[in-house]
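Here is a short briefing for a reader new to this structure. Look at the sequence and the model first, then go through the points.

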Amino acid sequence: MNVFKEFFELPAEDKVSVYSNNLKRPCRLYTSSSNYDHENVHLWRDNLRHPCHPLEDCIKIWPQKPTRYREIVATYSIEAKKLGLRILELLSEGLGLGSGFFGDKLSESSLLSVNHYPPCPDPSLTLGVSRHCDPNLLTILHQGDEYGLQVFKDGEWIGVEPLHNAFVVNIGHQLQIISNNKLKSAEHRAVTNSRVARTTAAFFINPSDDCVIEPDKSLIDTNESPAYRPFQFKEFLLNYSSLMGNPEKCLEPFELHA
């Protein structure tokens, strides 16, 4: 977390080489969202994101400053992936899917997304991150020591107080689909504050782009139908991006209706 904070504290000239609004650039720093020029309200955040798999290739495009960034974040990404796979193994056991179900292509890819929220002069005017569910399989979030995360449950936004040295684990859309709605992706957002800066790190575990996602047959009860059609993960991501993660609409193109 310290090295992420150090990155955002660097002078602008040390970050300009990473800054880009090009969605196709794998390692990039940007402000608000990838739709900056067309959004009605800007988000109060800077975001650094880059892939973490395969590590030996990805590390070459990561920020070169701070000088220890690559070494520390590489170690972190390895350990975060191990933790994520352990959690997925436990979820698999709980669902009755058997050992190793979420291995290989279903959890092949990983991405790091670091949000930096400077103090906001008027937090009533904007959010840090808009309401959304994560498009991936599983998210491991370190939310730092400052409050800002909220989850939507039973019609209201509930604050998630940060616990020192603890992770928040979000179920993503792909787990909801594979479980045929037995698991629910977590709708959440980030609010701002006027007092202090806040830095968070989200580690996303994703299927590979060509991985076919569909409800597992063993999780469809005899009196049920599959709730979703099969699709490749890259199709879902394209649709998710075009809808800016709208939680009401991003599942619709993949839903099956009896």
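Phe254 is buried, with a relative accessibility of 1%. The model it sits in is predicted. Across the whole structure, a search finds 11 aromatic pairs.

**Aromatic pairs**

- Phe152 and Trp157 form a tilted pair.
- Phe231 belongs to strand S12 (residues 231-232), while Phe254 lies in the segment after helix H6 (233-242), so the pair ties together parts that are 23 residues apart in sequence.
- A cluster linked by ring pairs holds Phe4, Phe7, Phe8, Trp62, Tyr69 and Tyr76.

- Phe231 counts as buried because its relative accessibility is 3%, and the cut-off for buried is under 20%.
- Phe254, at 1%, counts as buried too.
- Phe152 is partly exposed, at a relative accessible area of 36%.
- Trp157 is partly exposed as well, at 24%.

**Strand pairing**

- Strand S1 (residues 28-31) runs antiparallel to strand S2 (residues 46-51), and 4 bridges join them.
- Leu29 has Leu48 in S2 as its bridge partner.
- S2 also pairs with strand S3 (residues 109-117). That pairing is antiparallel and spans 6 bridges.
- Opposite Asp46 stands His116 in S3.

Note on methods. Residues are numbered from 1 along each chain as its sequence is written. This is a predicted model: local features need pLDDT of at least 70, side-chain atom pairs count only at pLDDT 80 or more; totals for chains, interfaces and linings use all residues. Side-chain values use heavy atoms; hydrogens and water are left out. Two strands pair if DSSP finds at least two bridges between them. Helices (H or I, at least four residues) and strands (E, at least two) are DSSP runs, numbered from the N terminus. Rings of Phe, Tyr and Trp (its six-membered ring) pair if their centres lie within 6.5 Å; planes under 30 degrees apart count as stacked, over 60 as edge-to-face and the rest as tilted. Buried means under 20% relative accessible area, exposed over 50%, partly exposed in between (1.4 Å probe, protein chains only).
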